[in-house]
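Reader: I am new to this structure and would like to go through it slowly. Could you show it to me, and then take my questions in turn?

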Amino acid sequence: MSKALSRIKVRPLYLGRVLGIPIRAHYSWLPVFPLYAWAISSSLLPREAHGLAGWQYWVLGIFTTALMFGSVLAHELAHAVMARAEGLGTGSITLYIFGGLASLEGQPSTPSSEFKIAIVGPAASFLTGTLFFALNQALLAGTTHLAFAQVLRHLGLINWMLAGFNILPGLPLDGGRVLRAILWRFNKNYYESTRMAVRAGLTIALVLFLYGSYFFIFVEWITGLWSMIIGLILVLLLKSSEASALGAHKIRRGSVEVLMNRSFLTIDPDLSVREFIDGILEKHRAISFPVGRGGRLHGMLLLADLKPVPSEEWSRLRIQDVMRPVEQPMFINAIADEAEARALLGTNGIGSVVVLDSDGMIVGQLGLKDLKSGRPAAAHAK
Ligand SMILES: [Zn+2]
């Protein structure tokens, strides 16, 4: 993400550091800040609380806008703190009008890590919103401070909306990362999951834009315009981050990546031999299985090595006791070419190789039959 963000040409406005992390605001905030303060002080507050002086409305309006900004920041800091807990650094935080982006140093290496980092943002917004509502109830219910009460309720609502919007399941939103983590957990393929989450994100952007256009023309133009702008920004962000990251990951013709089998099974090293034989081998017939966890290869399980194990040992022994620990001839890089794969398959005595991406994550498996079938590149290029 950080590489992709640095490609955005206009550098966001630097504001300072929180917890050692540089905080920046995207220029889309510049017109939004005064507009927001104006809307609060000239429309929302006078409607709900009469009789204040003009300057008092303005002070409250600016105060509300600053807290709104602070709410978005709290959301991003939640991501940053969780990223740190998961062993990733945070390069910087950039705030956009509808939320922010914490650019991580490196990618989460497991689905569960990505899930946790993504989900804490909306969770933080939901809690912040709840806190504002609770403060209003505890301090102001039944009092005559109508303007203050309105400010707190508004901030509660904004934070809940922030949580609700960001959890929509499409990239580049947090919900998109949650979706990718879930897909990745099941299909073990980061790129395929990213592609699906990008498609979901484009669909959400399109729906927001169409809904916005309808609203703009037929109902109320401000809400409509707002929705259209957010749809457009989502597409721009997608183009500059995820999609280009995928684009940079070009699949070469004749590479292992084109030929490999993407739907494969990884066996957990802690599984007992009995669980494997009864639960997995029943349904998935193969002569060798990659053993790994969190997308990392631990070794290979060969059916031939299981045969001599007496059945009374099946419950006691774990897969890691009977597998062959990982060694060079077991795996190949996704960008290697077919000749290299063929040579490896012919000599490694396993009959298949595990395909790893440049980060060492398992992305596929390749057997001799995959080479012979010679599927056309186009079938896998998308
Ligand atoms: Zn977020």
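Reader: Which residues in helix 4 meet helix 3?
Author: This is a predicted model, in which local features need pLDDT of at least 70, side-chain atom pairs count only at pLDDT 80 or more, and totals for chains, interfaces and linings use all residues. Residues are numbered from 1 along each chain as its sequence is written. Helices are DSSP runs of H or I with at least four residues, strands are E runs of at least two, and both are numbered from the N terminus, while a contact means that two C-beta atoms, placed from the backbone, lie within 7 Å. From helix 3 come Ser71, Ala74, His75, Glu76, Ala78, His79, Met82 and Ala83, and these meet, in helix 4, Lys116, Ile117, Val120, Gly121, Ala124, Ser125 and Thr128.

Reader: At what angle do helix 3 and helix 4 pack?
Author: Two packed helices are described by the angle between their axes and the distance between the axes. Here the axes are lines fitted to C-alpha atoms over the stretch in contact, with angles running from 0 to 180 degrees between N-to-C directions. For helix 3 and helix 4 (residues 111-140) the axes are 8 Å apart, and the angle is about 145°.

Reader: Is leucine 19 buried or exposed?
Author: Leucine 19 is placed in the loop between strand 1 (13-18) and strand 2 (21-25), and its phi is near 55°, a positive value in a residue other than glycine. Because leucine 19 has 11 C-beta neighbours inside 10 Å, it counts as exposed.

Reader: Which residue does a cis peptide bond join to leucine 171?
Author: Most residues other than glycine have a negative phi, and most peptide bonds are trans. In the loop between helix 5 (146-166) and helix 6 (174-187) is the place of proline 172. With omega about 5°, the cis bond joins leucine 171 to proline 172.

Terms used. A residue is buried if 20 or more other C-beta atoms lie within 10 Å of its own, exposed if 12 or fewer, and partly exposed in between; C-beta atoms are placed from the backbone.
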